[in-house]
Each structure stands twice: as structure tokens, then as C-alpha cells.
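Here are my notes for you, point by point. Keep the model open while you read, and look up each residue as it comes along.

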Amino acid sequence: MQKMFIISLLSLMLIGCGSPKKTDGKTGENPEVVKEVVLNYFNAANPNNKVTKIPCTLSDGTETECYQIVTNSTPSDHSMGPWCPTNITDDKSLGGIWLEGGKVYDVDGEFIKNMAKLYKDDTWKMYDANGKVYITNTQEDCENAANPNVGDEYRNYCVECLPSYITSVTQTFKIPIKPVMLAEAVPFMGAGGPPRG
């Protein structure tokens, strides 16, 4: 009886472990079905995107239509900044980060207060006698203080350059409305190609 049970169990296991379906290395649904790109995904991701429909030519020579997406990269899901605390008593929620020697520091008031210790240089003092931090307040101040050859009037300033100062920088992407599957994968920015070495 025990022998019969083991034979039945082995038979079921072999049937259940039949050869896998061939998918030609493709996963998901039927690889021949090509779905159109959903425009609302781009609008929902960032309402600042400007999307238009334009004629375009794909890399294989196919004449088709693309979505042209122009973005200024300003996030719509969170505010940017502040990066400079206003006083040496402020916590890290009012500042950004500082990179030094491979370490990341929270720029809170305590960090600003102790910069002279960090750099072992008493000339690092970015605040006045009342603890108020010296911060750039205009685009002109930002440009002057961010200059590597900064003038004396901007030394020891916390440079806060707001996204609103840069309105002319945009990025443009073109995406086929109905993508065409390539016969072979093409490496894109280091991904998808054979390993090197």
C-alpha cells in the first residue's frame, strides 16, 4: 500500500512539473499585442508637463505619431526648499543637506553654528550676533554668491537659489503613441546589453 502511494505521488509530481511554455524570452501578455501609450499618465504625473501630438519617424523608419512631452522638471507633488535655516536654533526641517568628505549632513541651525569646527577655520561664521543666518534672498544674490570667485560681500552666505529663478530650462521627450516592438533588444543608457568585462 505504501509503495502504491509513493508511486502515485511521484506520478502526480511529474505531471505537475511538465515542461514550461515557450515564451521566446518575453514575459507578460501576448507579445504581439501593442497597447497605445496612455496620455493621462503623463498629465497625472506632473500637471506642469505640456503634451502635444506630433508626426514622428521611429528608429526603424516607421512614420507614425508621437506624444511630445515638454517639462520644466518642477515637481508638482512636493515643494522644493527651503535649503537654508534662518537661525542657528532652527531644526533640520528648515534646511537642506551639505556634502563634505563623503558624508551627508543635515543643514540645521546647529550645523551652521558649528561650521568653523567642521572646517577647522574660524572664518566660517554664517550668522550674526543674534543667530540670524546670512541667506541670499534674490536671484542676483544667488548668482553672485554661487560664483566660485565669490566677492567679499557674499562670503559666509548660505546660498538659496529658488527654482522660480530658472524658468527657461526645459526637457523634451518624444514617445510613440503606439510603440513598435523591435526584433532585437537595443541597449539604452547601459541597460539591456550583454554584460561587459
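1. Start with Tyr119, which counts as partly exposed because its relative accessibility is 24%. For this label, buried means under 20% relative accessible area, exposed means over 50%, and partly exposed is in between (1.4 Å probe, protein chains only). This is a predicted model, where local features need pLDDT of at least 70 and side-chain atom pairs count only at pLDDT 80 or more, while totals for chains, interfaces and linings use all residues. Residues are numbered from 1 along each chain as its sequence is written, and side-chain values use heavy atoms, with hydrogens and water left out.

2. Now the aromatic rings. The structure has six aromatic pairs. In Tyr119 and Trp124 the ring centres are 4.7 Å apart and the planes sit at 15°, so this pair is stacked. The rule is that rings of Phe, Tyr and Trp (its six-membered ring) pair if their centres lie within 6.5 Å; planes under 30 degrees apart are stacked, over 60 edge-to-face, and the rest tilted. Trp124 is partly exposed, at 26% relative accessibility.

3. Which kind of pair do Tyr154 and Tyr157 form? Their ring centres are 5.7 Å apart and their planes stand at 70°, so they are edge-to-face. Tyr154 is buried, with a relative accessible area of 13%, whereas Tyr157 is partly exposed at 29%.

4. Back to Tyr119 and Trp124: ring pairs link these two with Trp98, Tyr105 and Phe111 into a cluster. Phe111 also turns up in the largest nonpolar core, which has 11 residues in all. A nonpolar core here is a set of buried Ala, Val, Leu, Ile, Met, Phe, Trp, Tyr and Cys residues joined through side-chain atoms within 4.5 Å. Other members include Cys84, Ile88, Met115, Ile135 and Cys158. In soluble globular proteins, nonpolar side chains tend to be buried together.

5. What does Ile135 touch, leaving aside its neighbours within four places in sequence? Ile135 is in contact (heavy atoms within 4.5 Å) with Cys84, Pro85, Thr86, Tyr157, Cys158 and Glu160. For the protein, take the contacts with a separation of 6 or more: 47% of them are between residues 24 or more positions apart.

6. On to the secondary structure. There are five helices and five strands, given as DSSP runs numbered from the N terminus (helices H or I, at least four residues; strands E, at least two). Along the sequence the pattern reads α-α-β-β-β-β-α-α-α-β. Met80 lies in the loop between strand 2 (63-71) and strand 3 (97-100), and at 39% relative accessibility Met80 is partly exposed.

7. Lys120 is not a glycine, yet its phi is positive, near 50°. You'll find Lys120 in the loop between helix 4 (115-119) and helix 5 (139-145), and it is exposed at 74% relative accessibility. Asn156 is another non-glycine residue with positive phi, near 65°. Asn156 sits in the loop between helix 5 and strand 5 (171-176) and is partly exposed, at 24% relative accessibility.

8. Last, an overall number. How much of the protein is buried? Of the 197 residues, 19% are buried.
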